[in-house]
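Here are my notes, as promised. Have the structure open while you go through them.

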Amino acid sequence: KIMITGALGQIGSELTTMLRSKYGENNVIATDIREDESGSLGNGPFEVLDVTDAGQMHEIAKKYQADTIMHLAALLSAKAENNPQLAWNLNMGGLVNALEVARDLNTQFFTPSSIGAFGPSTPKENTPQDTIQRPTTMYGVNKVSGELLCDYYFQRFGVDTRGVRFPGLISYVTKPGGGTTDYAVEVYYEALKNGKYTSYIGEGTHMDMMYMPDAVNAIVQLMEADASKLEHRNAFNVSAMSAAPEDFEKAIQKHIPEFKMDYDVDPVRQKIAESWPNAIDSSAAKDEWGFDPKYDIHKMTEDMLQQLKVRV
Ligand code: VAH
């Protein structure tokens, strides 16, 4: 049985649905800080959980006899920069609580890291799996600390911890909240609604991106991978594309020729974006567990627009 925190979030909402259809509704326990008011996650078990409440987390995991914990509840980069103290308490407090539950109940463990775990002194192009990690954002500090803590729980306590460094994730189901890469989602909504988009990230700023179906598949693939093949654990570089705002503009124009992008750069998020790599190297994930994303920017754009057309 898999217990998920942050199940109503950007990743959680799609991961929960996908795992429920794969393993059965009752085998996936969804938790989030708020009620699933719209019933978007379906009929499987759902519990309201504040991840900073260690006792409650433990109780829920025990009640449902979880054997895997997927810990997704966290504050994203731009929000974390606005409130670093809250970010530390929530991102690190939640993680250590989840790891403690995993240790006590002997469960498998997944939590996402991010390209935010890199910083200005990291090589920007073809960023290696093992390289300098000196991020300059609170979110990045949380992610590097989280990677180290997960490795520690594996080495010290034998908890089967696994993770990936996700790039900006693009999806049509649940919008991200307070990230630096959110523009790459907003652009599709605005293209369909208004035929134009004002980007808060500057022209020529490259970041890694991935379509959500590839992201949830990667999680399942990594968790099912043979442990003896894993040289790394926390966390694997994974990316499907490196793109700048103008790449989204061009890709969208193939479907909506009159679409136009202009710029009104937000200095806070621009600075965060510039501190991250342009393009990371995902070969360790490919070699060790067969990471194989299916969507490039064009295939993703076609699907996003088609899916959103009926929703927006
Ligand atoms: C953010 N989407 O922008 C997140 C992420 C790739 C970065 O972790 O904060």
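1. Some ground rules. This is a predicted model, in which local features need pLDDT of at least 70 and side-chain atom pairs count only at pLDDT 80 or more, while totals for chains, interfaces and linings use all residues. Residue numbers start from 1 along each chain, following the sequence as written. Helices (H or I, at least four residues) and strands (E, at least two) are DSSP runs numbered from the N terminus.

2. Strand pairing. E12 and strand E14 (residues 241-243) are antiparallel and share three bridges; for two strands to pair, DSSP has to find at least two bridges between them. E12 also has strand E10 (residues 168-170) as a partner, this time parallel, again with three bridges. There, Leu 169 sits opposite Met 210 of E12.

3. How enclosed is strand E12? Five of the five residues in E12 (residues 207-211) are buried, so the rest of the structure largely encloses it. A residue is buried if 20 or more other C-beta atoms lie within 10 Å of its own, exposed if 12 or fewer, and partly exposed in between, with C-beta atoms placed from the backbone. In a regular strand, side chains alternate between the two faces of the sheet. In E12, Met 207, Met 209 and Tyr 211 point one way, Asp 208 and Met 210 point the other way, and all are buried.

4. Helices H6 and H8. The axes of H6 (residues 183-194) and H8 (residues 245-253) come within 11 Å and cross at roughly 30°. Axes here are lines fitted to C-alpha atoms, for helices over the stretch in contact, and angles run from 0 to 180 degrees between N-to-C directions. H6 and H8 are therefore roughly parallel to each other (under 35 degrees is roughly parallel, over 145 roughly antiparallel, 65 to 115 roughly perpendicular and the rest oblique). The contact involves Tyr 183, Ala 184, Val 187 and Ala 191 from H6, and Pro 245, Phe 248 and Ile 252 from H8; contact needs C-beta atoms, placed from the backbone, within 7 Å. By class, the contact residues of H6 and H8 are seven nonpolar, no polar and no charged. For the classes, Ala, Val, Leu, Ile, Met, Phe, Trp, Tyr, Cys and Pro count as nonpolar, Asp, Glu, Lys and Arg as charged, and the others, Gly among them, as polar.

5. Helices H1 and H7. H1 (residues 10-23) packs on H7 (residues 212-224) at about 60°, with the axes 10 Å apart. That makes H1 oblique to H7. On the H1 side, Ile 11, Glu 14, Leu 15 and Met 18 make the contact, and H7 brings Met 212, Ala 215, Val 216 and Ile 219. This contact of H1 with H7 has seven nonpolar, no polar and one charged residues.

6. Most residues other than glycine have a negative phi, and most peptide bonds are trans. Now look at Gln 65, not a glycine, with a positive phi of about 55°. Gln 65 is in the loop between H2 and strand E4 (68-71), and it is exposed, with 11 other C-beta atoms within 10 Å. Asn 106 also has a positive phi, near 55°, and belongs to the loop between helix H4 (84-105) and strand E5 (108-110). Finally, check the peptide bond from Asn 234 to Ala 235: it is cis, with omega near 5°.

Note on methods. Two residues are in contact if their C-beta atoms, placed from the backbone, lie within 7 Å.
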